Amino acid sequence: MKIVIAPDSFKESLSADGVARAIEKGIRKVFKNAEIVRVPMADGGEGTMRTLVQSLRGKTMGTEATDPLGKKMRACWGWIPDSKTAIIEMAEASGLSLVPAARRNPMFTSSLGTGQLIRKALDSGARTVLLTLGGVATNDAGVGFAAALGYRFLDSRGRLVPGGVQGLERLAKIDASRLHPSLRKTKFVAACDVKNSLCGPRGSAKVYGPQKGATPSMIPRIDRALDRFAKIVKRDLKKSVRDVPGAGAAGGAGAGAIAFLNAALKPGIEIVTEILDLRKKMKGANLVITGEGKIDSQTKFGKTPFGVAKVAREQKIPVIAFCGMLDATPRELKTIGIRAAYPLVRREIDRQHSLKNAANLLALRVEQELSLYA
């Protein structure tokens with residue numbers, strides 16, 4: 001019997017690798033001689049960099065960078081030497097978690113730190129860069145990270161504009177004459193799991209601005225600034241970014257990735273599936289087990305269990321899932337492609353207890369459920 005274990009992390013308790021190992025422990029109690037293939041997964045969100053580095057036996061590199069408020073910090077990026085691939089997670093240096101709630105203000109926060117990580121990767125010889133979008137404190141359309149790579153953003157008097165949306169409001173010209181020498185020779189792929197456009201009713205400011213600290217009065221200002229940015233990008237860089245699906249991701253960084261990095265926007269789970277060669281690893285499997293911290297109605301929009309189930313469905317392999325919490329109906333599970341899902345947190349179990357003891361509880365739950373198949 002061949003079983004493939006391909007879960008995401010359980011936030012606040014277990015990494016994707018920790019989840020996979022706990023599931024394997026439970027399987028071994030029931031199917032001692034099974035062939036088990038562990039493939040820790042991610043979907044492009046926070047934690048993707050570390051999951052891929054671990055799975056691909058890469059390295060986590062530490063670099064000095066600037067946080068969204070301009071303070072020096074130490075941030076990490078992933079390096080896969082064999083393929084000269086760098087994995088840059090925007091949340092590492094531009095993340096919302098780096099800014100105290102009381103100081104969140106997209107008018108001033110900048111993605112400069114992400115650009116410093118990209119620059120370090122280019123200096124290290126990267127030929128492919130995977131940029132994961134999401135979890136950011138910024139709404140600057142990637143102007144901050146582009147500035148670290150040699151782009152110059154000028155006002156009507158030829159002066160450099162400040163960081164954040166306040167800079168976009170003053171932007172008059174983009175100068176691309178001093179770019180990092182490796183920028184155009186490097187392939188960029190951006191992991192993007194939303195379809196929002198840059199501006200408008202479903203744009204970055206309207207949908208995601210409040211979580212970054214935008215007040216109701218700021219939102220129309222940000223939207224106008226992003227529209228202004230899109231027009232200048234089209235004029236100076238000859239690229240249309242305003243209405244591209246996903247351009248509004250990560251405070252408009254999706255648009256910035258297209259404009260400044262010539263990046264392709266792809267769903268994170270598809271990128272990870274390809275990088276980890278999940279299709280090949282699934283061949284001949286009798287069962288696939290996936291999971292994440294919470295399976296709910298949002299899982300079908302590109303989360304790890306959905307992506308794993310999609311690959312398994314192509315090969316007609318049944319899929320079951322284990323999760324921290326379950327808030328999906330049987331019909332929703334069927335839509336995702338999962339036959340059954342088993343949560344750790346139930347009414348009789350305290351949530352905090354589950355978080356602290358997730359590995360043991362998960363192994364036990366797997367053993368209990370798989371005993372029915374033995």
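**Exercise 1. Find what surrounds Q116, leaving aside its neighbours within four places in sequence.**

Step 1: Look for contacts, meaning heavy atoms within 4.5 Å. With neighbours within four places in sequence left out, Q116 is in contact with E64, A65, T66 and A148.

Step 2: Q116 sits in helix 4, residues 112–123. Helices here are DSSP runs of H or I with at least four residues, strands are E runs of at least two, and both are numbered from the N terminus.

Step 3: Check the side chain. The side chain of Q116 reaches the backbone nitrogen of T66 at 2.7 Å.

A quick word on what you're looking at: this is a predicted model, where local features need pLDDT of at least 70, side-chain atom pairs count only at pLDDT 80 or more, and totals for chains, interfaces and linings use all residues. Residues are numbered from 1 along each chain as its sequence is written, and side-chain values use heavy atoms, with hydrogens and water left out.

**Exercise 2. Work out whether Q166 is buried or exposed, and what it touches.**

Step 1: Locate Q166. You'll find Q166 in helix 6, residues 165–170.

Step 2: Compare its accessibility with the cut-offs: buried is under 20% relative accessible area, exposed is over 50%, and partly exposed is in between (1.4 Å probe, protein chains only). Q166 has a relative accessible area of 19%, so it is buried.

Step 3: List the partners. Not counting residues up to four places away in sequence, Q166 touches M107 and F108. A polar atom of the Q166 side chain also lies 3.2 Å from the backbone oxygen of G163.

**Exercise 3. Describe how helix 1 and helix 15 pack.**

Step 1: Start with the geometry. Helix 1 (residues 16–30) and helix 15 (residues 358–370) pack at about 40°, with their axes 7 Å apart. Axes are lines fitted to C-alpha atoms, for helices over the stretch in contact, and angles run from 0 to 180 degrees between N-to-C directions.

Step 2: Name the arrangement. Under 35 degrees counts as roughly parallel, over 145 as roughly antiparallel, 65 to 115 as roughly perpendicular and the rest as oblique. Helix 1 and helix 15 are therefore oblique to each other.

Step 3: See who takes part. On the helix 1 side, the contact is made by V19, A22, I23, K25, G26, I27, K29 and V30, while helix 15 brings A359, N360, L362, A363, V366, E367 and L370. By class, that gives ten nonpolar, two polar and three charged residues. For sorting, Ala, Val, Leu, Ile, Met, Phe, Trp, Tyr, Cys and Pro are nonpolar, Asp, Glu, Lys and Arg are charged, and the others, Gly among them, are polar.

Step 4: Zoom in on K25. Leaving aside neighbours within four places in sequence, K25 is in contact with N360 and A363. At 46% relative accessibility, K25 counts as partly exposed.

**Exercise 4. Do the packing analysis again for helix 8 and helix 9.**

Step 1: Helix 8 (residues 218–237) and helix 9 (residues 249–261) pack at an angle of about 15°, and their axes are 11 Å apart. Helix 8 and helix 9 are therefore roughly parallel to each other.

Step 2: Pick out the residues that meet. F229, V233 and L237 in helix 8 meet A255, A259 and F260 in helix 9. The residues of this contact divide into six nonpolar, no polar and no charged.

Definitions and conventions
A polar contact is a pair of N or O atoms within 3.5 Å; within protein, one must be able to donate a hydrogen and the other to accept it, and residues adjacent in sequence count only if both atoms are side-chain atoms.
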